[in-house]
Amino acid sequence: MRHVIALDVGGTGMKAALVGAQAALSGDRPPGPPALLHQARRSTGRERGPDAVVESILDFAAELRAYGEKHLGESAVAAGVAVPGIVDAENGIASYSANLGWRDVPMRRLLSERLRGVPVALGHDVRTGGLAEGRIGAGNGADRFLFVPLGTGIAGAIGIDGRVEPGAHGFAGEIGHIVVRPGGVACPCGQRGCLERLASASAVSLAWAEASGDPAADAADCAKAVESGDPRALAVWHDAIDALADGLVTALTLLDPRVLIIGGGLAEAGETLFVPLRAAVEERVTFQKLPEIVPAALGDTAGCLGAGLLAWDLVAAAQDPTTRPAVGRGSATDSSEVTA
């Protein structure tokens, strides 16, 4: 059965899949998510150093190729890999990752060699997840979307006609570093009052730990306390949503997305987040068109599915050289790496 290899590399673990051929409709939106013919997970082994991480990725990819040959009757026709940090997608180089400790790793070449010449697409993790959400997830059918995951940091992926825009230098979508509180808390990026220092899952966790007096408390605990009506939690939550709404209105003023997709750990609070957030954004818009604000649909499979889409786009490009890459050109970084 025709398939591609998809790898989503995180700070501590890797998710992978063999993705079926129905994902091959590059630029079109298939009727449903591509078939995950096989799924697996591994540790990155980062405690053994950056070289060990790279070797773990290569070994994992080789295992996936062998699995496909044995169980699906043929080798993968391409591979896609999503990695964190600064990514030179055009040249296939994982330029830098604070979490994984690597610099200037020629990931595309190394993977292609280990996979015996199979073509490989390299992508940035947030943009790759955004690609999947835009094509086959919460943004399916929207010609313009903005995907904003609220995790350790806050990043973004700008979707245009089923593709993700990286910008001229690879930094498009860095909404987490919009200054929403001038002169506010210092951000490791060098600015003060950045959105991600106020409204990311980690920022809410820190604020609630301080307000509750429990150093182990996190954003999920804060959301539960909000639901129970705890006034301290309500104050923390209100501050975060106010900052988030300010940042999102700036983004939608510039980008005019049809759909605004919110993902990441903070979005797991569901309507506890979305009800007040939609209201706060609506209060702030004047002439702007209010986009539909929806939760991400693919959860932690987004990165893997996006990597599969990147791989199928390679196959489509080989058949039609005029096909544009799904995530554009250049390098990319996510805000969790900027602040690492």
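Reader: Which residue is the bridge partner of Ile261 in E13?
Author: In this predicted model, Ile261 has Val294 as its bridge partner in E13.

Reader: How many bridges join E12 to E13, and do the two run parallel or antiparallel?
Author: E12 and E13 are joined by 4 bridges, and the two strands run parallel.

Reader: What is the strand order in the sheet they belong to?
Author: The order is E11-E10-E9-E12-E13, in an open sheet of 5 strands whose pairing is mixed. At its edges are strand E11 (163-165) and strand E13 (292-295), each of which pairs on one side only. From one strand to the next, the twist averages 30°.

Reader: Which strands of that sheet does H3 touch?
Author: Helix H3 packs on this sheet and touches E9, strand E10 (157-160), E11 and E12, with its direction at about 130° to that of E9.

Reader: Switching to the other end of the chain, what is the order of the sheet that contains E1?
Author: That one is an open sheet too, with 5 strands in the order E3-E2-E1-E4-E8 and mixed pairing. Strand E3 (36-43) and strand E8 (120-124) each have a single partner strand, so one side of each is left without a neighbour in the sheet. The twist here averages 15° from one strand to the next.

Reader: And how are E1 and E2 joined?
Author: Strand E1 (residues 3-9) and strand E2 (residues 13-20) run antiparallel and are joined by 7 bridges, with Val9 standing opposite Met14 in E2.

Reader: Which helices pack there?
Author: Helix H1 (residues 50-71) lies across E1, E2 and E3 and runs at about 155° to E1. Helix H3 (residues 125-136) packs on this sheet as well, touching strand E4 (79-83) and E8, and its direction makes about 100° with that of E8.

Reader: Back to E8, then: how many bridges join it to E4?
Author: There are 5 bridges between E4 and E8, which run parallel, and among the paired residues Val83 has His124 as its bridge partner in E8.

Reader: Is E8 mostly covered or mostly open, given that it stands at an edge?
Author: E8 is mostly covered, with 5 of its 5 residues buried. Val120, Leu122 and His124 point one way from the strand while Ala121 and Gly123 point the other way, and all of them are buried.

Reader: How do H1 and H2 meet?
Author: The axes of H1 and helix H2 (residues 107-114) come within 9 Å and cross at roughly 40°, and the two helices are therefore oblique to each other. Their crossing is right-handed. The contact involves Val54, Glu55, Ile57, Leu58, Asp59, Ala61 and Ala62 of H1, together with Met107, Leu110, Leu111 and Arg114 of H2.

Reader: What about the cores, and which residues touch the most other members in the largest one?
Author: The largest nonpolar core has 43 residues, of which Val148, Trp237, Leu248, Ile262, Leu273 and Val281 touch the most other members. The elements that give two or more residues to this core include strand E9 (144-149), helix H7 (231-255), strand E12 (259-263) and helix H8 (271-284). H7 supplies the largest share, 12 residues.

Reader: Which residues does Leu273 contact, leaving aside its neighbours within four places in sequence?
Author: On that basis, Leu273 is in contact with Leu150, Trp237, Ile241, Ile262, Leu266 and Ala267.

Reader: And what does the second core include?
Author: The second core is separate and has 30 residues, including Ile5, Leu7, Val53 and Leu115.

How values were computed:
Residues are numbered from 1 along each chain as its sequence is written. This is a predicted model: local features need pLDDT of at least 70, side-chain atom pairs count only at pLDDT 80 or more; totals for chains, interfaces and linings use all residues. Side-chain values use heavy atoms; hydrogens and water are left out. Two strands pair if DSSP finds at least two bridges between them. Axes are lines fitted to C-alpha atoms, for helices over the stretch in contact, and angles run from 0 to 180 degrees between N-to-C directions. Contact means heavy atoms within 4.5 Å. A nonpolar core is a set of buried Ala, Val, Leu, Ile, Met, Phe, Trp, Tyr and Cys residues joined through side-chain atoms within 4.5 Å. Buried means under 20% relative accessible area, exposed over 50%, partly exposed in between (1.4 Å probe, protein chains only). Angles under 35 degrees count as roughly parallel, over 145 as roughly antiparallel, 65 to 115 as roughly perpendicular and the rest as oblique. A crossing is left-handed if the near helix is turned anticlockwise from the far one by less than a right angle, and right-handed if clockwise.
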